[in-house]
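Subject: The structure for you to look at

Hello,

Here is the structure I promised to pass on. Please have a look at it first, and then read my notes below.

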Amino acid sequence: MKSVNLRPVLKGRKGWVSLSKDYKKIIAEGETLKELIKKLDKLGNPEGVITNVAEDYSTYVG
Amino acid sequence: MSANKKGNNLQPPIVVPYKTFPGSGAVLWPVVEIRIKRASFSIPQPIFALVDSGASNSILHPFIAETLGYDLKKLGTPFKGTGVGGSHDVWVLPDMVEVNLSGYQFVAKFEVINNPRLLWPCILGQDTIFSFARIDFYKYKNFFELRFRSDIH
């Protein structure tokens, strides 16, 4: 099985994004989750998946 | 109980490919999609959740908690939580949050770290996903498997 490479679609983004179900494109984005949800509401709440985006995930310690 | 007997009490596997994120090179992250709600509050789409065997408790991003209707300022004085990432103010949410992962549902008591820069919308730790499912990591094959317990589903 191939892993899912989110680097191309998320590179250079920050804040909160909604990705399409196939993870290929950004549906909407916002500086905050509240802003993103407002935008999704205006778009009729399409299917997708929400995440926040860090510039660099290598800093995660857990 | 033998390992075989335990294995018979599990639902069919959910196979999830690892994901790579910007800035972390070829690091493979075990991330699932979950739907999350609390009473009349919900997030309009699933959110990413890191499956973290090193996390004893499960954590929500403060923005997610606020969207679920929690006013963090009214949750009282947070306690100081310490992890390998440092020390943060932490609130324990007063009630249960509903989680749906690929059709399997469970309720969980989450903690919220007062850190808007938390890298993940949600972290599922030992007290939730690892208590409700058997998880087998096949990093060398780029995927992991979750098998929910039959006795609770």
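Let me start with a term: two strands pair if DSSP finds at least two bridges between them. Strands (E, at least two residues) and helices (H or I, at least four) are DSSP runs, numbered from the N terminus. In general, strands of a sheet pair through backbone hydrogen bonds, either parallel or antiparallel.

This is a predicted model, in which local features need pLDDT of at least 70 and side-chain atom pairs count only at pLDDT 80 or more, while totals for chains, interfaces and linings use all residues. Residues are numbered from 1 along each chain as its sequence is written, and chains are lettered from A and ligands numbered from 1 in the order in which they are written.

With that in hand, look at chain B, where an open sheet of 3 strands has the order E1-E14-E13, with antiparallel pairing. Its edge strands are E1 (14-17) and E13 (133-138) of chain B, each of which pairs on one side only. From one strand to the next, the twist averages 20° (axes are lines fitted to C-alpha atoms, for helices over the stretch in contact, and angles run from 0 to 180 degrees between N-to-C directions). E1(B) and E14(B), residues 143-148, run antiparallel and are joined by 4 bridges. In that pairing, Pro17(B) stands opposite Phe143(B). The loop between E13 and E14 of chain B holds Asn142(B), whose phi is near 70°, a positive value in a residue other than glycine.

How exposed is Asn142(B)? Asn142(B) is partly exposed, because 15 other C-beta atoms lie within 10 Å. For the cut-offs, a residue is buried if 20 or more other C-beta atoms, placed from the backbone, lie within 10 Å of its own, exposed if 12 or fewer, and partly exposed in between.

Now to chain A. Chain A has 2 helices and 4 strands, and from the N terminus on they run β-α-β-β-α-β. Of its 62 residues, 34% count as buried. Asn45(A), in the loop between H2 and E4 of chain A, has a positive phi too, near 50°. Asn45(A) is partly exposed, with 13 other C-beta atoms within 10 Å.

Where the chains meet, 28 residues of chain A are in contact with 31 residues of chain B (in contact: C-beta atoms, placed from the backbone, within 7 Å). On the chain A side, two or more residues each come from E1 (4-5), H1 (7-10), H2 (33-42) and E4 (49-53). E4(A) gives the most, with 4 residues. This side divides into 13 nonpolar, 10 polar and 5 charged residues; Ala, Val, Leu, Ile, Met, Phe, Trp, Tyr, Cys and Pro count as nonpolar, Asp, Glu, Lys and Arg as charged, and the others, Gly among them, as polar. E1(A) also pairs with E2(B), residues 19-20, in the parallel sense over 2 bridges, and there Val4(A) stands opposite Lys19(B).

Finally, the largest nonpolar core has 59 residues (a core is a set of buried Ala, Val, Leu, Ile, Met, Phe, Trp, Tyr and Cys residues joined through C-beta atoms within 7 Å). Ile47(B), Ala49(B) and Cys122(B) have the most contacts inside it. E5(B), residues 47-51, gives the most to this core, with 5 residues. Leaving aside neighbours within four places in sequence, Ile47(B) is in contact with residues of both chains, including Val49(A), Ile50(A), Ile34(B) and Cys122(B).

Happy reading!

Conventions: Contact = placed C-beta atoms within 7 Å.
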